[in-house]
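I opened the model to look up ring contacts, one hairpin and the nonpolar cores. My entries follow the structure.

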Amino acid sequence: MRLVSGGAELVCNPQLGGTIVSWTVDGVSLFRPVGGEADTVRGQGCYPLVPFSNRVAGRAFSFAGQRHELPDLMNGFAIHGAAWQLPWRQDGDAMTVDYPGGALWPFAFSAAQRFALTPRGLTVTMRVTNRHTAPAPLAMGLHPYFPRTPEMTLQFAATSVWLNGADMIPAANVQVPAEWDFSRARKPGGVFADNCFAGWHRRAELTWPEHATRLVVTADQVFRHAVVYIPRDADFFALEPVTNMNDGLNRMDQHVDHGMAVLAPGDTLEGAVRFEVQAA
């Protein structure tokens, strides 16, 4: 699937987990270029997180009095939902998928990503619909990887962040510590993070002085959490607008902003993430 608008090009691979392979504007890659894992979902520029984001403690959760176990999808974790493991299909300027329920996720759902490409921007509108015969929990998000160059800076603000335990599951919600405070633009170099930020302002700025390019990311209210993944010594990082907190499936009976929606049969969760390219 290929969309073109002026000097912008968007390339997607529906069969490979509904992924965005690349998005370029005037020859500049706004998502991380595909590298050594070109044949894997996690090696692409961006992929969908449906019907939940990030990890689930113990690869299991309970809902409506029944316990459900989830498979190991990455290094022992139940992670990033089910849709990235499924072939999607192209439908005009969208990619869609239907899942009848099974080993990846116990409840039937359908999902869509619709793309609006302009010469200087990209809007991804996500929808997930409960196709189960009873109410079911659902969430969604996007997992874009961005190039991390020596001079690039990141800016976003959040009210708090979840600290992880040794199992990478959230253990405590705290004020954002100094090393993760990006409320003013700064380089992400030298910082490791793989954490969920709560109450982020749903706006981030990424600036690459080398290309005189700034990318402004904004998200609808439903994406009120952001997962930030900054690996050590890598040429990329991820800032993921998501609806649920990590392990939200196991927090639904707690007084926290877990972000999981419980949808009646046929009901839909929808929201958009916008990427705007500016001169820096």
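These are my notes, topic by topic.

**Set-up.** I worked on a predicted model, where local features need pLDDT of at least 70, side-chain atom pairs count only at pLDDT 80 or more, and totals for chains, interfaces and linings use all residues. Residues are numbered from 1 along each chain as its sequence is written, and side-chain values use heavy atoms, with hydrogens and water left out.

**Aromatic pairs.** I paired rings of Phe, Tyr and Trp (its six-membered ring) if their centres lie within 6.5 Å; planes under 30 degrees apart count as stacked, over 60 as edge-to-face and the rest as tilted. That rule gives 16 aromatic pairs. I looked up Phe31 and Phe275, which are edge-to-face at 5.4 Å centre to centre, with 85° between the planes. Phe31 sits in the loop between strand S4 (28-29) and strand S5 (46-49), while Phe275 is in strand S25 (residues 268-279), 244 residues apart. Strands here are DSSP runs (E, at least two residues), numbered from the N terminus. Both Phe31 and Phe275 are buried, meaning under 20% relative accessible area with a 1.4 Å probe, protein chains only.

Next I took Phe156 and Phe182. This pair is stacked: 5.9 Å centre to centre, 15° between the planes. Phe156 lies in strand S16 (residues 153-156) and Phe182 in the loop between strand S18 (170-174) and strand S19 (193-198), so the pair ties together parts 26 residues apart in sequence. Phe156 and Phe182 are both buried.

I also noted one aromatic cluster, formed by Trp23, Phe31, Phe146, Phe237 and Phe275.

**Charge over rings.** I counted a charge as over a ring if NZ of Lys or CZ of Arg is within 6 Å of the ring centre and within 35 degrees of the ring normal. The charged end of Arg32 sits over the ring of Tyr145, 3.9 Å from its centre. Arg32 also lies over the face of Phe236, at 4.6 Å from the ring centre.

I then checked strand S1 (residues 2-5). S1 runs antiparallel to strand S2 (residues 8-13), joined by 4 bridges; pairing needs at least two DSSP bridges. Arg2 stands opposite Val11 in S2. The hairpin has 2 residues between S1 and S2, and Gly6 in the turn has a positive phi of about 60°.

**Cores.** I used sets of buried Ala, Val, Leu, Ile, Met, Phe, Trp, Tyr and Cys residues joined through side-chain atoms within 4.5 Å. The largest nonpolar core has 74 residues; among those with the most contacts inside it are Trp23, Trp105 and Phe275. A second, separate core of 16 residues includes Leu49 and Trp162.

Conventions
Buried < 20%, exposed > 50% of the residue type's maximum accessible area, 1.4 Å probe, protein only.
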